[in-house]
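Here's a quick briefing to read alongside the protein you're about to see. Take a look, then go through the points below.

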Amino acid sequence: MELTPKKINLFTMMKLPSAWVCGVRLKSISAEKATVNVKHRWINQNPFNSMYFAVQAMAAELSTGALVMQAIQETDHKISMLVAENNASFSKKAKGKITFECLDGYLIAEAIEKSIQTKEGQTCWMKSIGKNEDGVVVSEFNFMWTVKLKS
């Protein structure tokens, strides 16, 4: 089954309802890149009239996690995935439509392949950059994903 934005957004609605309600939506996915949009609205605002940092984190994580899910699906193995660590930096108020993009699909594919070959867990740092409609970076998130072949 091919992972598409529609299928992943349905998954989000069923399994991650807080992200769904806040407007987090996968817009595109390929082997190398995933793009997620979220719009600043009343439901996802902070007291400073911008997007709450946790909503940005959900969108950024989905942009990396969708790539992990896709890379796992492309193997014939059962592999577990988990965020082990993350960090973020914020450089501008997030207002309007924010687009998070991760270009690290090749990194997680390499980690998964190494996990299959060695039968040991592997880690992989993946970056997601959030930009506003003017192309200005509002936040950057890094997620350390762990992948491990299930026994």
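Start with charge: the chain has 19 positive and 14 negative charges, and their mean positions are 10 Å apart. Here Lys and Arg count as positive and Asp and Glu as negative, while His and the chain ends are not counted. Each charge is placed at NZ of Lys, CZ of Arg, CG of Asp or CD of Glu. This is a predicted model, where local features need pLDDT of at least 70, side-chain atom pairs count only at pLDDT 80 or more, and totals for chains, interfaces and linings use all residues. Residues are numbered from 1 along each chain as its sequence is written, and side-chain values use heavy atoms, with hydrogens and water left out.

**Overall fold**
- You'll find four helices and six strands in the chain (DSSP runs, numbered from the N terminus: helices are H or I with at least four residues, strands are E with at least two).
- Along the sequence they come in the order α-α-β-β-α-β-β-α-β-β.

- Of the 151 residues, 42% are buried (under 20% relative accessible area; exposed is over 50% and partly exposed is in between, with a 1.4 Å probe and protein chains only).

- Lys-131 sits in strand E5, residues 122-131.
- Lys-131 is partly exposed, at 37% relative accessible area.
- Leaving out residues up to four places away in sequence, Lys-131 touches Lys-97, Ile-98, Thr-99, Val-136, Val-137 and Val-138 (contact means heavy atoms within 4.5 Å).
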